[in-house]
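Please open the model in your viewer and keep the sequence panel beside it. The stops below say what to select next and what is to be found there.

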Amino acid sequence: MSAIGTVESLWRYPVKSMRGEELDEVFAGFSGVYGDRLFAFSSSASPKGFPFLTGREQRQMLRYRPRFRQPEKAARPINQAEAEKLPPGVTPLYAAPDDLMLDVETPTGDALAIDDSALIEALRQGIDAKHQLTLLRSERALTDCRPLSIFAVQTAEKLAEETGVPVDKRRFRANVYIDLMSSEGFAEDKFVGRSLRIGSKLTVAILQRDARCMMITLDPDTAEKTPAILKAVAQAHEGMAGVYGAVLVEGMMHKGDSVELLN
């Protein structure tokens with residue numbers, strides 16, 4: 001077991017493809033970060049295997065800002081302390097749906113409930129009329145692939161060197177950004193097949209590298225495209241940037257926590 005870095009920042013994305021929120025601490029369970037990607041919009045024009053409307057079809061989604069109405073109830077599971085006392089470690093419960101209700105601030109400054117039909121109409125502006133949208137809600141994070149995504153800040157720095165343009169780490173929409181002791185970009189690739197301990201308890205198996213799409217070309221504030229970033233990832237890094245993980249031991253993560261390589 002060896003220390004390899006610290007948690008630089010923690011993020012969750014209450015609505016798939018909308019703006020994330022940075023938090024000082026998060027609970028990570030077997031299904032992912034608590035409160036992450038609870039909601040998504042499905043589209044009748046998307047494939048059945050991936051039915052979601054995302055920034056690939058509606059770039060402006062990245063500029064919509066979701067907020068929990070009761071952030072204190074969205075911070076961690078409602079029975080976390082009690083569940084952790086029961087052997088061998090019971091999975092904590094999510095709060096009731098009403099306690100995890102969201103409002104969304106649109107790019108024009110309007111505040112709409114996540115289930116307001118006006119939000120769907122706003123999202124349909126500027127995209128093909130074939131996209132008929134439906135709100136989805138799930139207590140399991142509606143992630144693309146694995147429950148947890150991890151990205152080293154040095155990887156963003158490496159891509160900035162390779163492209164000659166600034167690279168905001170938020171383009172990669174990770175849950176955990178790690179500041180590694182190594183200055184090497186893409187060093188997290190070497191963790192695949194191994195496990196990390198983050199903080200005092202949380203243990204994560206690193207399963208695979210993260211295959212990237214045009215989403216990383218989109219500026220998280222303006223939604224403008226920078227194709228050179230995806231081109232660099234595709235040509236120099238086999239289309240991969242960051243890694244996916246699965247939680248082996250549930251627990252809290254905090255900004256500044258130590259990150260250790262276990263095996």
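This is a predicted model: local features need pLDDT of at least 70, side-chain atom pairs count only at pLDDT 80 or more; totals for chains, interfaces and linings use all residues.

**The cavity.** Begin by selecting W11, Y13, R19, G20, L62, R170, R171, R173, Y177, M215, L218 and P220, which together line the largest cavity. A search of the whole structure finds one cavity of 30 Å³ or more, and the volume of the largest cavity is about 120 Å³. If you colour the lining by class, you will see seven nonpolar, one polar and four charged residues.

**Serine in a loop.** Next select S17, which sits in the loop between β1 (2–12) and β2 (21–23). Is S17 buried or exposed? With a relative accessible area of 4%, S17 is buried, and, leaving aside residues up to four places away in sequence, its contacts are L53, T54, G55, M61, L62, R173 and M215.

**Helix α3.** Now move to helix α3, residues 153–163, where V153, Q154, T155, A156, L159 and T163 are buried. Show β1, β10 (148–152), β11 (176–180) and α4 (227–236) as well, for these are the elements against which the buried residues of α3 pack. Just after the helix, G164 has a positive phi of about 75 degrees.

**Aromatic pairs.** Four aromatic pairs are found in a search of the whole structure. For one of them, select Y34 and Y94, whose ring centres are 4.5 Å apart and whose planes meet at 55 degrees, so that the pair is tilted. Because Y34 belongs to the loop between β4 (32–33) and β5 (39–43) and Y94 to the loop between α1 (80–84) and β7 (102–105), the pair ties together parts that are 60 residues apart in sequence. Y34 counts as buried at 2% relative accessibility, and Y94 counts as buried at 15%.

Then select F151 and Y177, an edge-to-face pair with 6.1 Å from centre to centre and 75 degrees between the planes. F151 lies in strand β10 and Y177 in strand β11, so this pair ties together parts that are 26 residues apart in sequence. F151 is buried, with a relative accessible area of 1%, and Y177 counts as buried at 0%.

Key. Residues are numbered from 1 along each chain as its sequence is written. Side-chain values use heavy atoms; hydrogens and water are left out. On a 1 Å grid over the protein atoms alone, a cavity is a set of points where a 1.4 Å probe fits but cannot get out, and a pocket is an open set with protein on both sides within 12 Å along at least five of seven lines; lining residues have an atom within 4 Å of a point. Grid points are joined across faces, edges and corners, and a volume is the space filled by probe spheres set on the points. Ala, Val, Leu, Ile, Met, Phe, Trp, Tyr, Cys and Pro count as nonpolar, Asp, Glu, Lys and Arg as charged, and the others, Gly among them, as polar. Helices (H or I, at least four residues) and strands (E, at least two) are DSSP runs, numbered from the N terminus. Buried means under 20% relative accessible area, exposed over 50%, partly exposed in between (1.4 Å probe, protein chains only). Contact means heavy atoms within 4.5 Å. Rings of Phe, Tyr and Trp (its six-membered ring) pair if their centres lie within 6.5 Å; planes under 30 degrees apart count as stacked, over 60 as edge-to-face and the rest as tilted.
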